[in-house]
Amino acid sequence: MNFLTIGHRGIMGVEPENTLRSFVAAEQAGLDVLELDLHLSKDDALVVMHDTHVDRTTDGSGPIAELTLAELRALDAGRGERVPVFEEVLDAVRSPLQAEIKDVAAARALAKVMHERDLVSRVEVSSFHDEAIAEIARLVPGVRTALIGSRYGTDIVDRAVEAGAATVCLNIRRLTLEIAEHARKADLKIIGWVVNTQDHLRLVRALGLDGATTDYPEIKRTGRFTA
């Protein structure tokens with residue numbers, strides 16, 4: 001099985017996160033999959049940004065849900081980059097994508113784009129929220145889904161199975177052999193995040209994970225040689 005390296009919000013350790021510049025750089029660095037986050041703007045555009053508010057990653061302030069796409073476009077997302085929408089990322093890179101959704105409303109908006117652009121084979125959908133995973137699976141037959149866990153126990157496996165997810169994306173700092181084995185028995189793939197150090201990469205390898213989400217492209221190069 002191939003070991004996947006997933007670029008976290010592009011390569012956010014090097015470029016402004018969730019920008020076209022970051023995604024293009026991640027693709028050029030050879031990362032296998034690009035991870036991004038989706039929120040709905042006030043006028044229902046699928047905006048690529050992690051937080052619910054724009055304050056941390058732009059020169060603006062306020063919640064995404066209360067700003068129109070035009071207002072979001074006026075913001076500087078770092079190094080002069082603009083806040084992209086999902087469709088722009090699809091056009092800017094060719095890599096497979098892992099799109100994280102925050103709620104059922106985003107699932108419905110994403111489902112519409114996935115149908116329009118035939119994205120089932122290219123886009124995996126992830127979420128911390130079981131109901132969002134279940135909703136995208138209902139709306140897009142055959143979609144690959146992943147349940148994300150930050151603070152979790154073996155229950156994350158049962159939740160993933162119940163939601164129909166094929167993968168669990170798990171905080172590497174909390175991952176144990178017991179949880180990894182439980183996931184394996186349930187036939188789930190396991191991705192560790194965020195893997196930015198050689199120690200974390202060694203742990204990923206020791207636990208036999210299927211891949212790692214990282215902020216830095218170096219993990220792609222060194223991962224091949226880490227037993």
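Student: What does buried mean here, and what share of the 227 residues in the chain is buried?

Tutor: Buried means under 20% relative accessible area, exposed over 50%, and partly exposed in between, with a 1.4 Å probe and protein chains only. By that cut-off, buried residues make up 54% of the 227 in the chain. This is a predicted model: local features need pLDDT of at least 70, side-chain atom pairs count only at pLDDT 80 or more, and totals for chains, interfaces and linings use all residues. Residues are numbered from 1 along each chain as its sequence is written, and side-chain values use heavy atoms, with hydrogens and water left out.

Student: How many helices and strands does the chain have?

Tutor: Helices (H or I, at least four residues) and strands (E, at least two) are DSSP runs, numbered from the N terminus. The chain has nine helices and nine strands.

Student: Why is the chain called as compact as a globular protein of that length?

Tutor: The radius of gyration is taken over C-alpha atoms, and the globule rule is 2.2 Å times the number of residues to the power 0.38. The chain's radius is 17 Å, close to the 17 Å that the rule gives for 227 residues, so the chain is as compact as a globular protein of that length. Its C-alpha atoms fill a box of roughly 45 × 35 × 30 Å along the principal axes.

Student: Where does Arg138 lie, and is Arg138 buried or exposed?

Tutor: Arg138 lies in helix H5, residues 130-139. Arg138 is exposed, because its relative accessible area is 55%. Arg108 is 30 residues from Arg138 in sequence and 9.9 Å away in space, C-alpha to C-alpha.
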